[in-house]
Amino acid sequence: MDAEPITFLGRPLGPSFRTHTVTIRPGDTRPYDAREWQGALVVVECGAVVVEGHAGGRRSFGTGDVLWLTGMGVRALHNEGQESAVLVAVSRRGSGGP
């Protein structure tokens, strides 16, 4: 395991990739929209997010965690913390994302 968390903020990516940043304020919920996360690796850049599945299960992820949300049966993303959660999604251009 690396000592430093993974981050995409401030890092130039090649022309084949695009980034999409989502901020979820404390106490907010963001309904899952498959188009938004299509084919993207998602890094929790700061804060923490709770991913809720369609079956009702919930799992927390914090700064530096890397997620794959496509096809995972996600219902919503919640921020139950005291600070904003910032997520950066990186996907290939033309993969159908936002």
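This is a predicted model: local features need pLDDT of at least 70, side-chain atom pairs count only at pLDDT 80 or more; totals for chains, interfaces and linings use all residues.

A: Phe17 stands opposite Arg92 in S8. That pair belongs to the contact between S8 and strand S1 (residues 17-24), which pair in the antiparallel sense over 8 bridges. S8 also pairs with strand S3 (residues 41-46): 5 bridges join the two, and they run antiparallel. In this second pairing, Val42 stands opposite Ala89.

S8 itself covers residues 85-92, and Ser91 lies in it. Of the 8 residues in S8, 7 are buried. Ser91 counts as buried because its relative accessibility is 5%, and the cut-off for buried is under 20%. Neighbours within four places in sequence aside, Ser91 is in contact with Ser16, Phe17, Arg18, Gln38, Gly39 and Ala40.

The nonpolar core comes next. The largest one has 16 residues, of which Trp37, Val49, Leu67, Leu69, Leu77 and Leu87 touch the most other members. Two or more residues of this core come from each of S1, S3, strand S4 (48-53), strand S7 (74-78) and S8. Leu69 is in contact with Tyr32, Trp37, Val42, Val51, Val74 and Leu77, again leaving aside neighbours within four places in sequence.

Strand S3 also holds Leu41. With a relative accessible area of 41%, Leu41 is partly exposed. Together with Ile6, Val66, Trp68 and Met72, Leu41 forms a nonpolar patch on the surface, and the accessible area of these residues together is about 480 Å².

Charged pairs are the last topic. The whole structure has 6 salt bridges. In one of them, Glu52 is joined to Arg75, with the closest N and O atoms 3.2 Å apart. This pair links distant parts of the chain, since Glu52 is in strand S4 and Arg75 in strand S7, 23 residues apart. Glu52 counts as buried at 11% relative accessibility, whereas Arg75 is partly exposed at 38%.

Another salt bridge joins Arg58 to Glu80, and here the closest N and O atoms are 2.3 Å apart. This pair also links distant parts of the chain: Arg58 is in strand S5 (residues 58-62) and Glu80 in the loop between S7 and S8, 22 residues apart. Arg58 is partly exposed, with a relative accessible area of 44%, and Glu80 is exposed at 55%. Glu52, Arg58, Arg75 and Glu80 are linked in a network of salt bridges.

Technical notes:
Residues are numbered from 1 along each chain as its sequence is written. Side-chain values use heavy atoms; hydrogens and water are left out. Helices (H or I, at least four residues) and strands (E, at least two) are DSSP runs, numbered from the N terminus. Buried means under 20% relative accessible area, exposed over 50%, partly exposed in between (1.4 Å probe, protein chains only). Contact means heavy atoms within 4.5 Å. Two strands pair if DSSP finds at least two bridges between them. Patches are made of residues with over 30% relative accessible area and no salt bridge: like charges are joined within 9 Å, nonpolar side chains (Val, Leu, Ile, Met, Phe, Trp, Tyr) within 5 Å. Accessible areas come from the Shrake-Rupley method with a 1.4 Å probe; for residues, only the protein chains shown count as cover. A salt bridge is a side-chain nitrogen of Lys or Arg within 4 Å of a carboxyl oxygen of Asp or Glu. A nonpolar core is a set of buried Ala, Val, Leu, Ile, Met, Phe, Trp, Tyr and Cys residues joined through side-chain atoms within 4.5 Å.
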